[in-house]
Amino acid sequence: TELVVAEYHRKIKEAFEVFDHEANNTVDVREIGTIIRSLGCCPSEGELHDLIAEVEEEEPTGYIRYEKFLPVMTEVLLERRYRPIPEDTLLRAFEVLDPSKRGFLTREELIKYMTEEGEPFSQEEMEEMLSAAVDPESNSIHYKDYIAMMVVD
Amino acid sequence: MSTHDLEDMGCGTSSSTKDRKSEKALKAALVIQNWYRGYSARLKARQRYALTIFQSIEYADEQGQLQLSNFFSFMLENYTQIHEKDPELVARLFGGTLQDAKDRQDYVSFVDVPDSYNGPRLQFPLTFTDIDLLVEAFKKQQILHAHYVLEVLFETKRVLKQMPNFTQVKTSPTKEITICGDLHGKLDDLFLIFYKNGLPSGSNSYIFNGDFVDRGKHSMEILMILFVSFLVYPNDLHLNRGNHEDFMMNLRYGFTKEILHKYKMHGKKILQILEDVYTWLPIGTIIDNEILVIHGGISESTDLNLLHRIERHKMKSVLMPPISVDEDHDADLRKTKTGANVVPREVKTNESPSEQLPKHEWEQVIDILWSDPRGKRGCYPNTSRGGGCYFGPDITSKILNKFQLKMLIRSHECKPEGYEICHDGKVVTVFSASNYYEEGSNRGAYIKLCCDMTPRFFQYQVTRATCSRPLYQRVNTMESSAIRILKERMLSRKTDLIRAFQLQDRSKSGKLSMGQWAFSMENTLGLNLPWRSLSPHLVTTDKNGNINYMSTFQDIHIQKPVKEAQSTLIETLYRYRSDLQIIFNVIDSDHSGLISMEEFRAMWKLFNSHYSIHIEDFQIDELAERMDLNKDGSIDFNEFLKAFYVVHKLEKLNKSDGQSP
């Protein structure tokens with residue numbers, strides 16, 4: 001496992017450095033979510049908040065230091081926490097929101113669910129999702145096609 | 001029945017069913033949101049990685065450019081050998097280009113504008129109508145006739161000569177100023193800025209902070225609009241010199257090519273005059289005595305008082321450093337019995353020591369045009385670019401305090417959002433070429449400033465389609481573009497890379513661990529990239545997670561210009577093709593596109609020894625002879641270099657592939 005840990009360390013360092021714009025071993029706290037997710041983890045917003053609290057300074061500066069981030073992130077990877085959502089779980093989630101099994105959600109329905117339920121989207125997130133998800137002709141989201149398109153990463 | 005119906009019925013069902021249903025919906029929403037955020041974050045990370053690739057390679061190229069300048073210095077130092085063999089060659093290389101100031105008016109009047117010319121016709125003295133005329137004409141893809149180009153250039157030089165090294169600007173509550181960064185020949189961005197912010201005028205001031213040209217396809221048009229606007233409003237349109245306002249940079253980065261292509265008859269003359277005009281561009285602008293606007297940055301030794309005084313026009317090119325006449329040379333000088341201050345450069349026809357800046361002044365200007373701010377304290381040589389330095393927040397504070405300034409506004413670096421603030425708000429980067437590396441790579445921005453008010457930032461992005469494409473498509477485009485150039489870079493270092501891989505692969509299995517592969521890549525290429533994250537795009541991996549290190553080279557190769565030529569020779573020529581292009585262009589002073597075999601051989605010998613390339617002279621001779629298709633003793637070097645075209649096998653979907661890998 002020593003080798004595994006060493007490789008994890010390098011992987012984390014790489015991901016961190018790409019966002020370390022000033023090359024001083026810190027990143028803006030607002031980019032931590034992106035970094036963690038780019039390493040293959042899928043924490044919820046709540047879980048992300050907890051993680052940030054763990055790596056933040058005693059008195060939050062708006063920046064996260066690499067020295068604090070590395071051990072926490074290494075553990076996350078070792079424990080295989082926050083595994084990504086499998087495709088069929090995602091499909092079933094859409095189907096729950098579409099109980100009459102039409103095969104699609106209307107634009108308004110998606111907006112309602114995404115911005116009012118769960119951990120609501122910001123306006124920017126909503127617009128971003130709609131730009132790729134909505135079929136312009138029917139103005140609805142054919143979720144099966146959408147998932148198929150998105151999952152080809 | 002839907003959830004809505006249940007609610008409408010009110011108390012028709014038990015509340016637990018309703019709760020369960022909405023709990024399910026809540027959970028479903030959470031799943032989708034979680035998945036989407038993960039997906040979106042990975043897209044953004046991929047975008048960042050692509051940007052990092054573009055940037056690393058761009059800076060590595062700039063480093064290559066500076067190495068070339070060292071080559072020219074090396075040549076100068078070894079001038080005696082060249083001089084003996086071919087005195088004319090060196091004179092041609094480094095002699096002054098613009099002969100007489102006298103022949104200026106004569107020249108312009110000899111360039112006729114035919115009646116059949118449909119493009120814009122400027123009227124001197126220029127007025128705002130001419131600005132409008134140009135903008136409209138360029139929108140219709142028209143080209144300004146060489147006659148007007150030359151007139152504008154001559155006139156611009158004349159007016160610029162009267163300007164001090166730093167333009168002083170004052171703002172007032174009723175008069176803001178707009179500051180734009182690098183445009184790099186992207187005319188659409190300039191149009192977008194003018195559309196959003198208005199054309200320059202007496203009440204709408206602008207500062208353009210350098211790098212107007214190179215890379216984009218409309219450098220000439222941008223330059224013309226900016227120069228004409230400057231001539232009409234010399235007190236309201238301010239231009240700062242950037243590191244690309246330099247004839248040597250233009251040779252490599254595309255502007256020279258653009259000019260010779262658009263102006264087949266008069267291109268050479270335009271180039272000559274342009275070289276001169278660049279040197280008269282001011283070094284920077286100072287707003288309200290508190291804000292310094294310069295293209296690159298500062299160093300710990302930046303001395304604004306000195307910079308105010310230097311003769312800026314003697315800075316011909318950032319890449320032709322002056323030979324220093326200092327203590328180190330004194331010993332040698334004393335040996336030449338001719339007395340003090342004799343620099344061994346008599347061979348240069350027009351360039352005497354008094355025609356160049358002293359070394360320490362030259363270095364001050366380099367720092368201004370090439371430096372980058374970084375988070376680390378102190379001042380360090382800028383190793384990525386090879387010129388200027390990295391300066392930390394302490395340097396910023398020190399220099400700003402020393403000269404009683406509050407802020408530094410600079411450009412020179414592409415930023416995803418078009419601008420970036422660092423060093424505690426004291427340094428602002430503004431970059432105005434959106435989609436600089438690739439469509440979707442970054443936004444452009446400009447700043448509006450007015451005394452005492454906080455600066456306002458405006459962002460934009462030029463899109464070709466009427467509706468912008470979804471994020472994942474833009475990221476895909478950017479990413480494949482970045483990976484493509486990265487692979488080409490790997491190809492240009494193929495021999496070195498394979499050697500490095502094989503050193504680690506003791507068992508000759510053709511495989512390496514991720515760590516070994518990443519180490520070899522970084523050691524050989526020195527690009528400071530996240531190799532582990534990029535590996536899926538560059539190599540294949542077996543089921544144990546080991547890397548098949550040769551897999552990169554399987555779908556990409558250089559098309560051999562001549563069948564018999566050896567791979568290493570081809571690879572070397574491919575790697576240095578940009579440098580060779582510049583050297584050829586410098587030798588080919590009459591821009592005919594042809595150089596003689598003698599010139600080629602002489603140049604190659606020097607190049608070979610300076611860059612320590614291990615290619616035998618006879619191999620080059622053979623190659624050159626094959627390239628001299630009509631056997632007249634001259635080589636069309638554009639054809640020669642075009643031959644080094646990289647073939648990406650996977651893209652040749654329908655073409656048959658005859659070459660062996």
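Predicted model: local features only at pLDDT ≥ 70, side-chain atom pairs only at ≥ 80, totals over all residues.
A residue counts as buried when its relative accessible area is under 20%.

B:His184 provides a clear case. At 2% relative accessibility, B:His184 falls under the 20% cut-off and therefore counts as buried. The residue sits in a loop of chain B, between strand E2 (177-180) and helix H8 (187-197). The side chain of B:His184 makes a polar contact of 3.3 Å with the side chain of B:Asp182.

Chain B as a whole holds 661 residues, of which 55% are buried. Its secondary structure consists of 25 helices and 21 strands. Contacts in chain B were considered between residues at least 6 apart in sequence; 74% of them join residues at least 24 apart.

Two strand arrangements in chain B can be described in detail. In one, strand E13 (residues 444-449) runs antiparallel to strand E14 (residues 456-460), and 5 bridges join the two. B:Gly444 of chain B stands opposite B:Tyr460 in E14(B). E13(B) and E14(B) form a hairpin with 6 residues between the strands. In this hairpin, B:Asp452 takes a positive phi near 65°.

The other arrangement is an open sheet of 3 strands in chain B, with the order E15-E17-E16 and antiparallel pairing. Strand E15 (511-512) and strand E16 (540-541) are the edge strands, each pairing on one side only. E16(B) is joined by 2 bridges to strand E17 (residues 547-548), and the two run antiparallel. B:Thr540 has B:Asn548 in E17(B) as its bridge partner.

Chain A has 153 residues, and 40% of them are buried. It contains 8 helices and 4 strands. From the N terminus on, these elements follow the order α-β-α-α-β-α-α-β-α-α-β-α. Along the principal axes, the C-alpha atoms of chain A fill a box of roughly 50 × 35 × 25 Å. Among contacts in chain A between residues at least 6 apart in sequence, 57% join residues at least 24 apart.

The two chains meet at an interface. The size of an interface is often given as the accessible area lost when the parts come together. Between chain B and chain A, the buried area is about 4,000 Å². Carbon and sulfur atoms give 64% of this area. On the chain B side, 41 residues are in contact with 44 residues of chain A.

Which charged side chains meet in a salt bridge between the chains? One such pair is A:Glu128 and B:Lys44, with an N to O distance of 3.6 Å. The count of salt bridges between chain B and chain A is 5. There are also 15 residue pairs in polar contact between the chains, with both residues at pLDDT 80 or more. Several elements of chain B each supply at least two residues to the side that touches chain A. They are helix H2 (15-77), strand E11 (419-422), helix H17 (471-492), helix H19 (514-525) and helix H20 (531-538). H2(B) gives the largest share, 24 residues. By residue type, the side of chain B that touches chain A divides into 21 nonpolar, 10 polar and 10 charged residues.

Terms used
Residues numbered from 1 in each chain as written. Chains lettered and ligands numbered in written order. Heavy atoms only, no water. Contact = heavy atoms within 4.5 Å. Buried area = accessible area lost by both parts, 1.4 Å probe. Salt bridge = Lys/Arg side-chain N within 4 Å of Asp/Glu carboxyl O. Polar contact = N/O pair within 3.5 Å; in protein donor to acceptor, adjacent residues only side chain to side chain. Nonpolar A, V, L, I, M, F, W, Y, C, P; charged D, E, K, R; others polar. Pairing = 2+ DSSP bridges. Buried < 20%, exposed > 50% of the residue type's maximum accessible area, 1.4 Å probe, protein only.
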